[in-house]
Amino acid sequence: MSFIQAGHSLDAMVSLDKMIHLADGSGFDSLGPVADAEKVAALGRGTRHDVCASSASPRQVQGHQRLGNVARSGICHAFTHSGRCISLFKTLFTNSCQHQCNYCPNAAPCKSPVYSYTPEELARTTLSLYRGNYIEGLFLTSGAGRDEDLIMDRMLETVRLLRQGHRFQGYVHLKVLPGASLARIQEAMELADRVSINLEAPSPARMGELCPTKDYHNDILLRQRYIRDLMSRVSLPAGQTTQLVVGGAGECDQEIFQRVVQEYREMGVKRAYYSAFTPVPGTPFQSRPPQEPWREHRLYQVDWLYRVYGFAPREIQPAFNEEGFLANCDPKMAIARQSLEGPVDPQQASYQELIRVPGIGPVSARRIIALRACHRLGLRKKDLSALGVRMKRAGPFLKIGGWNTTLERWFS
Amino acid sequence: MKVPHNFIEYLKAHRDCTGELCRQAEEMDALDVECSSNPGARGIKRMVREVMNEAHQMKGFVRLSSWDEAVSFGYMKPRHHVGFLVSDFLARRFPQTVILLGNGTESWTSLYVAGQMLHHHGPSLEKVLEHLGAPASLRCEQVEDAWRAYRCSQSAGGGDIRAFHRHMPRRALVSAGSSERAEGETTLQDFF
């Protein structure tokens, strides 16, 4: 039995010939050649450490004369060998750059061959990949060239060509180059689903070490403020994000976390991404040790506790050690061990109490509350397990059916 | 992945679904299926999730080619009856373009036009393409080359085959006719 036969749409079964007849009016021109593989690889390599996990946008797509749409549930079209999803065509517009970032292979002192797209070429390549269902959209960033506004203009021309010339309605994430003008930032926000500007470091001093040619306050924080202020006038469906290099300038996790909290509160950043520092041969930082990928993972967990679970920064404090680093273990478990004052009874606990228990997330906490409201919450471990509670982790912190738990015995 | 309110539609698309199971499912609501520890409900939840997972994976892994602007087609051989779930999704993405997905035995065609979804359930992909007068050579090497180059450029090296297949299960890749492989992965075919 097929889905369609089982469903409601049997009346919409038509002949193939009729379909072809109706489809004739799509009106999209032949796309022409895409960029050559060497250029695609070289400019793609420059974005390897740019993280963009999301391709979902709440934007409403309207009209039939269009190409593409945005999906609510992000779709991953492929994964890298290190496990990062490839849902967008992530590319530099050019790898020529005036800045001297000590970790970046595109920095001015590194003598790598220079590649650039033309706006038409990049738009064609994006559309061809999109129509082949290889990607969900475009993530466009760039080296700053000799003049960041000139490069921003070319990037904007590409997106304008996609949106207006080809009526492309897929997802677009546009990076704002450090130091870009207000007018260009506004146009970027009008065209893209999401814009971002990379913070890279948690403080001006750390930035001085990573990239001496960037002015932290003027080139980055001021541009983030522009985006925040413009958001009251310009619709930016997927909001503003940022990214930090983890461990490039010897900063601790707490320093990064404190800056990110400030970003969420003051800049209205929707989310922050973390990229563990990896030395690139030929750069001034080539001999620095790479950071363990788990550091990135633990920072995401702490970020999640603050942003999704609603933990206050002072509640997260116990997860950091004296030097301000996170250990390679679940921060929520570390916090619970230090701060939970007694076992939590799922039959009585509030949502806020439930989500502080390791192994219980917002979804399972909501399910417990919903079932409790209609007196259908089971009292056995098996019942909680069916709700998505990870009993192995949550068990010691829960009081199930009035029984004393490991934690309660320990407290007594 | 939450159990949706129309979970019975997904259940019916499961290859092992029976009339008895459907009758049993009709007596439950989505919350029952999602939260119950009853073995029957858990079995239904597992089946619904299998169908939803496969449809989600196919939406990402199926690749489309075309020889003119009006038709896009791709290979797909799913284990469950998710053909129209995937073709409808792609048809909504590309309005006024015929989306044709299929394999050696059956094909699913969807067209989203003027706010209405049209369907055709037909014979093998090859036969339908022949009927539509597709040219003999259809592979778009240029786009595939660009994709391969891009995909390799995103790899930081040091891949783990098992971890890679956790994200891209072999079975899903075969169903979507995909040739994506983990770094350093070889098959018996490579030795011949």
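I began with the rule for a polar contact: a pair of N or O atoms within 3.5 Å, where within protein one must be able to donate a hydrogen and the other to accept it, and residues adjacent in sequence count only if both atoms are side-chain atoms.

A reminder to myself: this is a predicted model, so I note that local features need pLDDT of at least 70 and side-chain atom pairs count only at pLDDT 80 or more, while totals for chains, interfaces and linings use all residues. Side-chain values use heavy atoms, with hydrogens and water left out, residues are numbered from 1 along each chain as its sequence is written, and chains are lettered from A and ligands numbered from 1 in the order in which they are written.

**Entry: the interface**

I looked up the polar contacts between chain B and chain A and found 25 residue pairs, both partners at pLDDT 80 or more. On the chain B side, helix α7 (residues 141–153) gives the most, with 10 residues; helices here are DSSP runs of H or I, at least four residues, and strands are E runs of at least two, numbered from the N terminus.

Next, the extent: 71 residues of chain B are in contact (heavy atoms within 4.5 Å) with 72 residues of chain A. The two chains bury about 6500 Å² between them, 61% of it on carbon and sulfur atoms; that is accessible area (1.4 Å probe) lost on being put together, summed over both. In chain B, E69(B), R93(B) and Y150(B) lose the most area to chain A, together 12% of what that side buries.

How many salt bridges did I find between chain B and chain A? The count is 2, taking a side-chain nitrogen of Lys or Arg within 4 Å of a carboxyl oxygen of Asp or Glu. In one salt bridge, R93(B) meets E136(A) at 2.6 Å, N to O.

**Entry: the rings**

The rule takes rings of Phe, Tyr and Trp (its six-membered ring) with centres within 6.5 Å; planes under 30 degrees apart are stacked, over 60 edge-to-face, the rest tilted.

Y130(A) and F168(A) have ring centres 4.9 Å apart and planes at 85°, so I logged them as edge-to-face. Y130(A) lies in helix α4 (residues 119–131) and F168(A) in the loop between α5 (148–165) and β5 (171–175) of chain A, so the pair ties together parts 38 residues apart in sequence. Both are buried, meaning under 20% relative accessible area (1.4 Å probe, protein chains only).

Last, I noted a cluster of ring pairs linking F89(A), Y134(A), W147(B) and Y150(B).

Technical notes:
Buried means under 20% relative accessible area, exposed over 50%, partly exposed in between (1.4 Å probe, protein chains only).
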